[in-house]
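Please keep the sequence and the model in view while reading.

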Amino acid sequence: GKFLSSFIESLSVLSDGRVHADFNPTGTVSGRLGGGSEDNPSLLTIPASLRDIFVAAPGHVFVAADMDQIELRMIAALSGAKNYIEAFNRGEDPHALTSDLIYGKSWRDQSKEQRDKLRGFAKRFSYACAYGAGNRTVLEVMRSVEGRDGGFPYLKTSIGDVVRNQRAWLDANKEIEAWWEVTVQRWRTEGYLVDLIHGRKRYFLDGIDRNAMVNFPVQATSIALVHEDTFELYESEGLTFEFEGKGTGLVYQGHDQLIFDCKESSAKKVQAAMTRAMNRSYDFLPVRFTSTAKIGKAWADLK
């Protein structure tokens, strides 16, 4: 329709038939290259319903991998949240665990549709709460969550729901609330906070902002990990730019996702290389970080 035509016209499509976003390597304090630092267009904000218009060239495919729950894993690792560390290391569903913690295990007896709805709420709720936001901020975040159908499934969430669920979640994960205070105290002592992989610092010269202070080491360490994945794929796995001709190689790095363009005949090899590189552990972090690469003809196939 008209919206789709207008959207396509707004993209920076060059003579090679590709969309070229402008990336600003200093556009975010965390070091992210996608999902906040790119523009014209901002690729991360393109709705899932429109991603089927991004298609690989004839004879080529996309191979993509998203890091599994990277921020929640990092929160668990940095805070020492025992419930989540154990769940991740056993290979369990962390969002089912969150549901258990805020609803009790009775939620598992509901219909599949209701279980999916409750799990979806719990998933988003844990991310909204994890950085020390107040009740009102968490409520605003939950009400603004957009569903796959374009609606707002949690619009009727009440402040009472937030207070009750947030208290239950924090009571079950006392390490997280303690970690907030430790993070602020570390800034008071050292004058900055740092990512644990590359040592990227942020000084917070405007003063205390607990939410931002807790957020920074999680996001900065997470994206440093994704950068390490990228370096390994480029340097050790041979997935350099144009490794199979013009336009092949890395075509997108989002905040937890890498997408490569390659020939169909090489897809399985690239998939294996990505899965190897994007499953890693660090001695100083008690959680393993995992990912499984997928192959698709269109961006929409890579969910």
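## A ring cluster and charges over rings

Phe54, Tyr252 and Trp299 are joined by ring pairs into a cluster. Rings of Phe, Tyr and Trp (its six-membered ring) pair if their centres lie within 6.5 Å; planes under 30 degrees apart count as stacked, over 60 as edge-to-face and the rest as tilted. Trp299 also has the charged end of Arg51 over its ring, 4.2 Å from the ring centre. A charge sits over a ring if NZ of Lys or CZ of Arg is within 6 Å of the ring centre and within 35 degrees of the ring normal.

## Basis of the model

The model is predicted: local features need pLDDT of at least 70 and side-chain atom pairs count only at pLDDT 80 or more, while totals for chains, interfaces and linings use all residues. Residues are numbered from 1 along each chain as its sequence is written, and side-chain values use heavy atoms, with hydrogens and water left out.

## Aromatic pairs

The count under the ring-pair rule is 10 aromatic pairs. The ring centres of Phe121 and Tyr154 are 5.4 Å apart and the planes stand at 80°, so this pair is edge-to-face. Because Phe121 belongs to helix 5 (residues 112-129) and Tyr154 to the loop between helix 6 (135-143) and helix 7 (159-172), the pair ties together parts that are 33 residues apart in sequence. Helices (H or I, at least four residues) and strands (E, at least two) are DSSP runs, numbered from the N terminus. Phe121 is buried at a relative accessible area of 8%, and Tyr154 is buried at 8%. Buried means under 20% relative accessible area, exposed over 50%, and partly exposed in between (1.4 Å probe, protein chains only).

Tyr282 and Phe284 have ring centres 5.4 Å apart and planes at 45°, so they form a tilted pair. Tyr282 is buried, with 14% relative accessibility, whereas Phe284 is partly exposed at 45%.

Four strands form an open sheet in the order 6-7-3-10, with antiparallel pairing. Two strands pair if DSSP finds at least two bridges between them. Strand 6 (249-253) and strand 10 (294-296) stand at the edges with a single partner strand each, so one side of each has no neighbour in the sheet.

Strand 3 (residues 60-66) and strand 7 (residues 257-263) run antiparallel and are joined by 7 bridges. Asp66 has Gln257 in strand 7 as its bridge partner.
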